[in-house]
Amino acid sequence: MKIDVSEILKQPGASISFYERGSVAATGDEEYPLEIDDPVDVRGVATYIGEGVYVEANVKGRVKLVCSRCLNPFRKPFDLNCEARFVEEGFSIPRDQEDEDDIETFTLEGSTCNLDDMIKHEIILNLPMKPLCRPDCRGLCPVCGKNLNEGDCDCEKFPEGHTLFGKKLLEALEERSKENGRS
Ligand SMILES: [Zn+2]
Ligand SMILES: [Zn+2]
């Protein structure tokens with residue numbers, strides 16, 4: 001998704017507001033493969049700040065994630081505010097300034113800002129550590145691997161939070177308290 005900022009590049013302080021509905025290139029990097037659905041709605045303001053263009057935008061859309069419990073892909077809506085600086089190729093923001101204001105810097109492509117990287121960066125920052133397809137996702141049966149959201153399986157179930165070892169321990173404790181009760 002690109003916005004043309006040629007009309008503000010002559011006068012520092014000039015700004016334009018924009019609204020775009022379109023697609024964001026879906027290739028994340030290898031560590032964070034990202035699939036972003038079409039369309040993505042982007043509403044924002046671009047301001048020429050002399051050393052580049054400062055963009056503030058609200059981004060709405062849906063991203064495809066994989067549930068950390070049942071491993072099924074699902075779609076999660078996002079509604080994010082992002083900001084970034086776009087500077088001419090070869091121009092670098094002084095390191096200390098970049099650290100200070102904590103704004104990501106991208107390269108202007110001629111007189112256009114390509115918002116894809118800014119949007120992907122913000123989505124990745126806001127991805128849940130353990131995505132869930134729904135808050136009460138039942139996950140996969142640890143024995144047979146069946147997706148328990150689709151129904152129960154015939155495997156022996158233990159109360160939630162109890163491992164096989166925990167179950168044996170409970171049985172042993174119950175056994176002992178029975179014995180104690182007798183004496
Ligand atoms: Zn799930
Ligand atoms: Zn099972």
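Setting aside neighbours within four places in sequence, Leu148 is in contact with Arg138, Gly139, Leu140 and Cys141. Contact here means that the C-beta atoms of two residues, placed from the backbone, lie within 7 Å. Between Leu148 and Arg138 there are ten places in sequence and 5.6 Å in space, taken from C-alpha to C-alpha. Leu148 sits in the loop between α2 and α3, the latter being residues 164-182. Is Leu148 buried, exposed or partly exposed? Leu148 counts as partly exposed because 18 C-beta neighbours are inside 10 Å. The cut-offs are these: a residue is buried with 20 or more other C-beta atoms within 10 Å of its own, exposed with 12 or fewer, and partly exposed in between, with C-beta atoms placed from the backbone.

Some housekeeping. This is a predicted model, in which local features need pLDDT of at least 70 and side-chain atom pairs count only at pLDDT 80 or more, while totals for chains, interfaces and linings use all residues. Residues are numbered from 1 along each chain as its sequence is written, and chains are lettered from A and ligands numbered from 1 in the order in which they are written.

On confidence: pLDDT is the predictor's confidence in each residue, from 0 to 100. The protein has a mean pLDDT of 86, with 83% of its residues at 70 or more. Confidence is lowest in helix α1, residues 95-101, with a mean of 66, and highest in β4, at 97.

Now the overall layout. There are three helices and eight strands, and their order along the sequence is β-β-β-β-β-β-α-β-β-α-α. Helices (H or I, at least four residues) and strands (E, at least two) are DSSP runs, numbered from the N terminus. Of the 183 residues, 15% count as buried. Among contacts between residues at least 6 apart in sequence, 54% join residues at least 24 apart.

Next, the strands. Two strands pair if DSSP finds at least two bridges between them. Strand β2, residues 15-22, pairs with β4 in the antiparallel sense over eight bridges, and Gly22 has Val40 of β4 as its bridge partner. β4 also pairs with β5, again antiparallel and over eight bridges; there, Tyr48 is partnered by Val53 of β5. The hairpin of β4 and β5 has four residues between the strands, and Gly50 in this hairpin has a positive phi near 85°.

β5 (residues 53-66) then runs antiparallel to β6 (residues 73-87), with 14 bridges joining them. Val55 has Ala84 of β6 as its bridge partner. On to β7, residues 104-107: β6 pairs with this strand in the parallel sense over four bridges, and Phe86 is partnered by Phe106 of β7.

Two backbone details are next. Most residues other than glycine have a negative phi, and most peptide bonds are trans. Which residue in the turn of the β5 and β6 hairpin has a positive phi? That is Leu71, at about 65°, in a hairpin with six residues between the strands. Leu71 is exposed, because 12 other C-beta atoms lie within 10 Å. The other detail is a cis peptide bond joining Asp38 and Pro39, with omega about -10°. Pro39 lies in the loop between β3 (35-36) and β4.

β4 itself has two faces. Val40, Val42, Gly44, Ala46 and Tyr48 make up the covered one, and Asp41, Arg43, Val45 and Thr47 the uncovered one.

In soluble globular proteins, nonpolar side chains tend to be buried together. A nonpolar core is a set of buried Ala, Val, Leu, Ile, Met, Phe, Trp, Tyr and Cys residues joined through C-beta atoms within 7 Å. Which members of the largest nonpolar core touch the most other members? They are Val53, Val55, Cys113 and Ile119, in a core of 21 residues. At least two core residues come from each of β4 (40-48), β5, β6 and α2 (116-126). β5 gives the largest share, five residues.

Take Val55 as one case. Leaving out neighbours within four places in sequence, Val55 is in contact with Gly44, Ala46, Glu83, Ala84, Phe86, Cys113 and Met118.

Last, helix α2. Its buried residues are Met118, Ile119, Lys120 and Ile123. What covers them includes β4, β5, β6 and β7. An α-helix has 3.6 residues a turn, so residues three or four places apart point the same way.
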